[in-house]
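Got the viewer open and a hand on the selection tool? Let's walk through this one stop by stop.

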Amino acid sequence: MTALAACSLRASGNVSEYSVAEMSFSRRSFLLGAGSGLSLLVLAACTQPEPMPTPTASPSPTLTVPRPSSMLRSNWTSDPYFRGSHSFVPVGATPQFRDDLSQPIMGRVFFAGEATSADLPGSVLGAQVSGARAAGELSSTANKGDRIAIIGAGAAGAEAARVLALEGFDVIVIEARDRVGGRIDTRESKSWPLPVELGAWRLNKTVDAVLLSKLATLGVETNTLTGTLLQGAKATATENTVGPKAVDAAVAWAADQTKDVSVADALTGSGAAKGASDANGLVGADLVNQYLSSLATVNGASDSKLSAWYGLSGSPQYDRLVTGGFGTLISEALTGVTTSLSTAVVGISYSDTGVSLQLGTGESLKVARVLVTVPLGVLQKGSIRFDPLLPFAHRTAIAALGMGSVETVWLRYDKPFWSTDAAVWSLVGTGDDLSTWFNLQAVTGETVLVGLVGGDAARRVSKLNDGDLLAAALHALEPFAAH
Ligand SMILES: Cc1cc2nc3c(=O)[nH]c(=O)nc-3n(C[C@H](O)[C@H](O)[C@H](O)COP(=O)(O)OP(=O)(O)OC[C@H]3O[C@@H](n4cnc5c(N)ncnc54)[C@H](O)[C@@H]3O)c2cc1C
């Protein structure tokens with residue numbers, strides 16, 4: 001007998017409450033029921049397991065930075081259901097590939113997810129809008145009463161499920177992980193004074209206005225980020241104007257070239273990196289690198305990989321933090337929607353008469369149509385077999401787009417060791433991978449620091465064990481310690 005965890009989600013205030021019902025009916029009976037169109041999942045509450053604070057034993061403490069009381073980290077790069085943070089446009093690719101990937105096949109297989117969003121890729125809003133777009137395509141094609149499977153319970157899948165369920169379709173969401181949210185990963189526990197966000201948590205006041213207003217309606221707190229501090233070997237500054245100027249000049253230079261190059265090559269080719277002048281006692285080239293590191297936390301890719309033509313367009317300047325539990329957005333959208341957790345789809349067979357899904361258990365589920373919202377990295381890895389193969393345009397798009405890396409580490413302190421009230425701290429010219437930090441004391445009053453790293457540096461960080469990661473974090477934070 002296989003226990004199947006089924007879930008419904010309740011939002012209470014600004015806290016997502018989950019409780020688990022491990023129901024011990026067999027997976028086979030569930031699937032047989034699914035095939036006969038019965039409503040199967042007893043929607044019980046699910047409990048998100050308490051995050052275990054990572055032990056903080058091994059690193060050697062630095063002279064000035066104490067060890068935190070708790071640490072939580074992400075590892076999206078090695079997670080088999082994500083294989084990275086979000087998609088990017090590498091050198092030689094174009095945003096057109098996102099449209100190619102979003103095209104429905106035979107009116108049976110549909111695609112959504114951030115990688116299919118040409119306007120807002122790599123974002124929660126882009127994923128959500130893509131879910132709404134795919135729901136529109138499905139509802140104009142599907143027949144009343146059709147059973148529609150949605151693979152993936154992230155922002156795209158949840159939005160599509162919400163819309164299609166409202167329209168009266170028989171919707172089932174199938175999610176590989178034991179939780180909903182996907183790349184929104186909110187952890188709540190008594191060890192932390194506020195919800196920890198291991199995935200998305202930054203927004204832009206203008207671009208994400210719709211999302212911010214939805215979060216406000218749900219009672220989810222968001223806060224404005226104010227104040228930056230750049231810390232270099234010999235000097236500090238409050239703003240990096242050198243880096244953005246150099247990158248803008250490099251991108252403008254690249255636009256005049258006959259073929260696409262990487263942002264790194266554009267910086268070299270244009271001379272913009274070399275010409276970057278020192279400012280506030282900080283070295284110009286180091287300021288450019290600091291800006292590139294912070295861009296990598298937004299795009300997921302290093303400048304050596306990003307297309308100078310298309311890679312940076314639409315990179316938002318984040319100025320808000322979701323501090324009241326981003327996961328409520330997803331749990332609210334999925335309220336009342338049949339959701340099967342811990343159920344990985346490994347194969348999709350389709351024809352013009354229907355779709356059969358093969359699950360990780362070896363069993364299958366027949367549906368009229370399917371919406372695929374799994375991350376690009378999962379499609380690139382071939383973790384889901386398509387039969388017949390996806391059309392050539394889809395396969396080309398999957399291969400051409402890049403899957404980036406962003407990782408995050410949360411540290412909780414009982415009292416601050418720093419004295420600045422700047423919300424965003426960046427290291428300039430020190431060589432630390434963990435060079436971007438958020439000081440939540442300046443945002444919410446809680447003595448919590450959050451490190452964010454993207455691109456090649458994130459891939460390196462993802463390989464560190466917890467002890468080495470903490471040692472790297474404490475080393476990076478040393479310049480911010482009050483002396
Ligand atoms: C560290 C990090 C920081 C980010 N920061 C921001 C930010 O600040 N602001 C912002 O707007 N965006 C940010 N993003 C991007 C944003 O989180 C994503 O663009 C968005 O959440 C993607 O939603 P989605 O529905 O497309 O995919 P997902 O949320 O990834 O949903 C896909 C789901 O499919 C499931 N799945 C995978 N394989 C299978 C399978 N075989 N069978 C069944 N299910 C499967 C996965 O478990 C997942 O739940 C960040 C992402 C990361 C990782």
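Start with the second largest pocket, which in this predicted model has a volume of about 660 Å³. Select Thr228, Ser294, Gln317, Tyr318 and Val424: of the 24 residues lining that pocket, these lie nearest its centre. Now colour by element. β14 (228-232), α9 (284-299), β25 (424-428) and β26 (436-439) are the ones that give two or more residues to the lining. Which of the elements gives the most to this lining? Pick α9, which puts in six residues. Switch to colouring by residue class and the lining of the second largest pocket splits into ten nonpolar, eleven polar and three charged residues.

Next stop, the ligand. Show everything around the ligand and you get 38 residues, with Glu114, Ala156, Glu175, Arg183 and Arg202 coming nearest. Zoom in on glutamate 114 first: look at the backbone, where an N or O atom sits 2.9 Å from an oxygen atom of the ligand. Glutamate 175 uses its side chain instead, with a polar atom 2.6 Å from a ligand oxygen. Then go to tyrosine 318, where an N or O atom of the side chain is 3.3 Å from a nitrogen atom of the ligand. How much of the ligand does the protein bury? Taken alone, the ligand exposes 1000 Å², and 98% of that is buried by the protein.

By class, the shell holds 22 nonpolar, eleven polar and five charged residues. Now colour by domain: why does the ligand lie between domain 1 and domain 2? Domain 1 (70-76 + 224-322 + 405-480) and domain 2 (87-184 + 326-402) both give residues to the shell, so the ligand lies between them.

Searching the whole structure turns up four cavities of 30 Å³ or more. The largest cavity holds about 70 Å³. To find the spot, select Leu101, Ala112, Thr116, Val374 and Leu379, the closest to its centre among 13 lining residues. The lining of the largest cavity has nine nonpolar, two polar and two charged residues.

Most residues other than glycine have a negative phi, and most peptide bonds are trans. Go to aspartate 387 and proline 388, which are joined by a cis peptide bond with omega at about 0°. You'll find proline 388 in the loop between β22 (385-387) and α12 (392-400). Then jump to asparagine 280, which has a positive phi of about 50° although this residue is not a glycine. Asparagine 280 lies in the loop between α8 (272-275) and α9, and α9 is the helix that gave the most to the lining at your opening stop.

Methods:
Residues numbered from 1 in each chain as written. Predicted model: local features only at pLDDT ≥ 70, side-chain atom pairs only at ≥ 80, totals over all residues. Heavy atoms only, no water. 1 Å grid on protein atoms, 1.4 Å probe; cavity = no way out; pocket = protein on both sides within 12 Å on 5 of 7 lines; lining within 4 Å. Points joined across faces, edges and corners; volume = space filled by probe spheres on them. Helix = DSSP H or I, 4+ residues; strand = E, 2+ residues; numbered from the N terminus. Nonpolar A, V, L, I, M, F, W, Y, C, P; charged D, E, K, R; others polar. Near = heavy atom within 4 Å. Polar contact = N/O pair within 3.5 Å; in protein donor to acceptor, adjacent residues only side chain to side chain. Areas by Shrake-Rupley, 256 points an atom, 1.4 Å probe, with all protein chains shown as cover. Domains from an automatic or database assignment.
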